[in-house]
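Subject: Structure for your review

Dear colleague,

Please find below the structure that I am handing over to you. I would be grateful if you would look at it alongside the notes that follow it.

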Amino acid sequence: MTRAVSRAGHRADDRVTRVPVQLALFLSVCLIAACGLIYELVAGALASYLLGDSVTQFSTIIGTYLFAMGIGSWLSRFVVRGVVTRFVIIELLVGVVGGLSSLALFLAFAYTEAFRPTLYALVLLIGILVGLEVPLLMRILKDRYSFKDVVANVLTFDYIGALVASLLFPLLLVPRLGLVRSALLFGVINVAVGLWSTWLFRDVLPRRRWLQGAGMLALLVLGGGLWKGQAITTLAEEGMYADPIILAKDTRYQRLVLTSWKDDLRLYLNGHLQFASRDEYRYHEALVHPGLAAARARGRVLVLGGGDGLAVREILRYPDVQRVTLVDLDEGMTRLFQSHPRLTRLNADALNDPRVTVVNADAFTWLAANAAQFDFVIVDFPDPSNYHVGKLYTSAFYRLVRQHLAPGAFIAVQSTSPMFARQSYWSIVATLEGAGLRTWPYHVYVPSFGEWGFVIAGVDSYAPPAQLPAGLRYLTARAVPTLFDFPADMQRVPAEANRLNDQVLVRYYEHEFDAINR
């Protein structure tokens with residue numbers, strides 16, 4: 001009787017001790033999945049930042065990563081002895097390689113001509129290692145639990161980890177930590193799983209001390225990266241920019257870099273120059289005044305994009321402007337230009353003016369959800385270098401903008417360079433016309449960019465204004481009509497309209513700027 005009670009008590013104790021161990025094992029699966037997906041997202045985001053065309057970058061990286069995972073799963077069949085030891089080693093390797101991958105890619109882009117080979121080599125290596133993880137872990141667990149429970153629980157926690165990572169990445173990790181420190185943090189988590197495994201499987205690990213020592217060394221390397229990661233990234237980026245960097249940050253949507261040399265302040269978004277303070281006034285005066293000064297009314301103005309507030313600065317020169325609504329997707333961008341002392345001086349604190357309302361939203365979605373009409377609309381988006389931005393240059397988007405025009409209103413559109421992207425420029429003109437708008441193309445010379453193009457569009461007739469606001473540094477009323485004259489090498493060429501389901505403009509743009517860079 002006593003022995004029976006004793007055996008029953010031992011079985012109960014075993015069940016109690018197995019529950020937290022089992023939970024720890026499946027939590028490890030969740031963390032492993034999250035780490036693997038984060039490394040993939042970091043590589044895709046970095047490639048999009050540095051190379052453009054996010055659809056192509058994410059598509060090829062995801063495909064390569066999944067293919068590499070398949071290779072890793074296939075290779076797992078050749079691990080026949082010391083499965084637990086090899087699982088721990090792979091965890092440590094994934095943590096170090098994945099954690100340092102973002103730093104390595106920044107350095108490769110800044111200092112070598114081998115960014116693409118480095119990118120895909122890292123994606124392949126990380127994918128193979130991640131592909132080895134789950135099969136090995138399932139083999140370890142099958143001796144402890146029933147096969148159906150192992151498969152069900154491992155896959156369940158694997159998918160949960162992927163979901164958690166996909167939500168954390170854009171909402172928390174990138175805006176709070178940035179790409180480099182996000183990768184390093186999850187590298188630390190991977191190594192921690194490896195170290196945790198040396199305790200969970202201590203009864204079958206003959207070289208546990210050696211593995212723990214290697215894990216601690218990996219933690220030191222990754223911890224050093226977390227400590228100095230921003231400094232290393234800045235060092236790498238300084239190789240990409242001619243002037244010293246004074247600010248660099250990741251937002252949910254892009255990487256912002258500010259450089260400064262003497263009195264010239266420059267903003268780069270994902271490595272592309274957006275303005276130089278020494279001549280941005282030429283761009284923004286040309287964007288705003290030829291259209292706004294000619295508008296029938298100026299009480300309500302809408303700015304789509306233009307989160308730097310420089311176009312708003314020009315709009316506020318008109319005393320009859322009553323309300324300006326600025327719609328920009330990136331809250332990180334608008335907050336920076338509302339708070340940074342050098343930037344608020346540059347935009348004359350325009351975004352904090354009581355007449356200005358800043359809305360952080362996707363312009364397409366915002367227009368579709370609002371019925372307000374405006375006397376003048378400025379469309380000031382980055383160049384259509386990828387499909388995400390390209391949708392804001394489509395006939396569907398311009399038709400949506402047209403619905404918000406008050407009688408006699410005009411639209412002014414930033415339209416890339418008619419010199420260096422000639423077909424792209426005239427494609428934008430054709431797209432506006434395809435949306436039922438009349439167009440008046442014009443251009444201006446901006447030293448930092450070269451010849452730059454704009455388009456005024458509307459339903460009514462346009463005539464250049466006879467008078468401009470006082471205090472402009474470049475534009476005069478007498479000079480405005482000359483902006484609409486195109487020399488022979490910038491005159492209209494055949495180009496298709498850009499449609500939402502066929503973004504020919506993005507292909508034009510890529511082709512033309514690839515030709516310049518060759």
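The notes below concern salt bridges.

This is a predicted model, in which local features need pLDDT of at least 70 and side-chain atom pairs count only at pLDDT 80 or more, while totals for chains, interfaces and linings use all residues. Residues are numbered from 1 along each chain as its sequence is written, and side-chain values use heavy atoms, with hydrogens and water left out.

A salt bridge here is a side-chain nitrogen of Lys or Arg within 4 Å of a carboxyl oxygen of Asp or Glu. The count comes to 14 salt bridges.

One of them joins the side chains of Asp264 and Arg278, at 4.0 Å from N to O. Asp264 lies in strand β3 and Arg278 in the loop between β4 and α8, so this pair ties together parts that are 14 residues apart in sequence. Helices (H or I, at least four residues) and strands (E, at least two) are DSSP runs, numbered from the N terminus. Asp264 is buried, at 5% relative accessibility (buried means under 20% relative accessible area, exposed over 50%, partly exposed in between, with a 1.4 Å probe and protein chains only).

Another salt bridge pairs Arg296 with Asp460 at 3.4 Å, N to O. These two residues are 164 residues apart, and both lie in loops. Arg296 is exposed at 60%, whereas Asp460 is partly exposed at 30%.

Arg300 and Asp375 also meet in a salt bridge, at 3.2 Å from N to O. Their strands are β5 and β8, respectively, and the residues are 75 apart. Asp375 is buried at 8%, and Arg300 is partly exposed at 29%.

Finally, a network of salt bridges links Glu280, Arg313, Glu314 and Arg317.

With kind regards
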